[in-house]
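Please keep the view open beside the text as you read.

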Amino acid sequence: MAFAYQQKPLVGVVYNPFTQHLYTAIKGQGAHLAAPKIPSSFPTEGQKVESTYEKRKLPLVSPPRPLPDLSSAIVAVEYGNERHGNNWD
C-alpha cells in the first residue's frame, strides 16, 4: 500500500503474512523492517508465548549486495487496475 501526494510517493507499506515481516518507508526517513524476534529458548509447558517485533533500518547490509539473478527476489506485478481520471496524467 502506498500514499502519494501530487503524484510523488510519500509512504509505502508491505506486509508478508507468511514471514510476518512488515516493510515500511517514509520519504526522508528511510525504510525499515519490523520482524518477529526469534526467542532464545522454547517456551515451557503452559508458558504464554508473546510475539515481539524488532524494527531494523534497511538495508540490513551496507552497501547492499547485488542480486546475481532473480531467483532469490520477490517480483510483484499489479494488473487490471485502471489508470485514468483526475489523479493520472
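You will find glutamine 7 in the loop between strand 1 and strand 2, and its phi is positive, near 65°, in a residue other than glycine. Glutamine 6 is in the loop between strand 1 and strand 2 as well, and has a positive phi of about 50° although it is not a glycine. With 61% relative accessibility, glutamine 6 counts as exposed. For context, most residues other than glycine have a negative phi, and most peptide bonds are trans.

Before going further, a word on what you are looking at. This is a predicted model, in which local features need pLDDT of at least 70 and side-chain atom pairs count only at pLDDT 80 or more, while totals for chains, interfaces and linings use all residues. Residues are numbered from 1 along each chain as its sequence is written, and side-chain values use heavy atoms, with hydrogens and water left out. The pLDDT, the predictor's confidence in each residue from 0 to 100, has a mean of 82 over the protein chain, and 83% of the residues reach 70 or more. Strand 3 has the highest confidence, at a mean of 94, and strand 5 (residues 53-57) the lowest, at 89.

Now for the overall plan. The protein chain has 0 helices and 5 strands, where helices (H or I, at least four residues) and strands (E, at least two) are DSSP runs numbered from the N terminus. Of its 89 residues, 4% count as buried. Look next at contacts, meaning heavy atoms within 4.5 Å: among those between residues at least 6 apart in sequence, 20% join residues at least 24 apart.

How do the strands pair? Two strands pair if DSSP finds at least two bridges between them. Strand 1 and strand 2 run antiparallel and are joined by 4 bridges, with alanine 4 opposite proline 9 in strand 2. Their hairpin has 2 residues between the strands. Strand 2 also runs antiparallel to strand 3, through 6 bridges, and here glycine 12 stands opposite alanine 25 in strand 3. This second hairpin has 4 residues between its strands, and glutamine 20 in the turn takes a positive phi of about 60°.

Met1, Phe3, Tyr5, Val11, Val13, Tyr15, Leu22, Ile26 and Tyr53 make a nonpolar patch of about 920 Å². Patches are made of residues with over 30% relative accessible area and no salt bridge, joining like charges within 9 Å and nonpolar side chains (Val, Leu, Ile, Met, Phe, Trp, Tyr) within 5 Å. Strand 1 (2-5), strand 2 (8-16) and strand 3 (21-26) each supply at least two residues of the patch, and strand 2 gives the most, with 3. Tyrosine 5 belongs to strand 1 and counts as exposed because its relative accessibility is 51%.

Finally, follow the segment after strand 5, where proline 59 lies. A cis peptide bond joins leucine 58 to proline 59, with omega about 0°. Proline 63 is also in the segment after strand 5, and a cis peptide bond links serine 62 to proline 63, with omega about -5°.

Technical notes:
Accessible areas come from the Shrake-Rupley method with a 1.4 Å probe; for residues, only the protein chains shown count as cover. A salt bridge is a side-chain nitrogen of Lys or Arg within 4 Å of a carboxyl oxygen of Asp or Glu. Buried means under 20% relative accessible area, exposed over 50%, partly exposed in between (1.4 Å probe, protein chains only).
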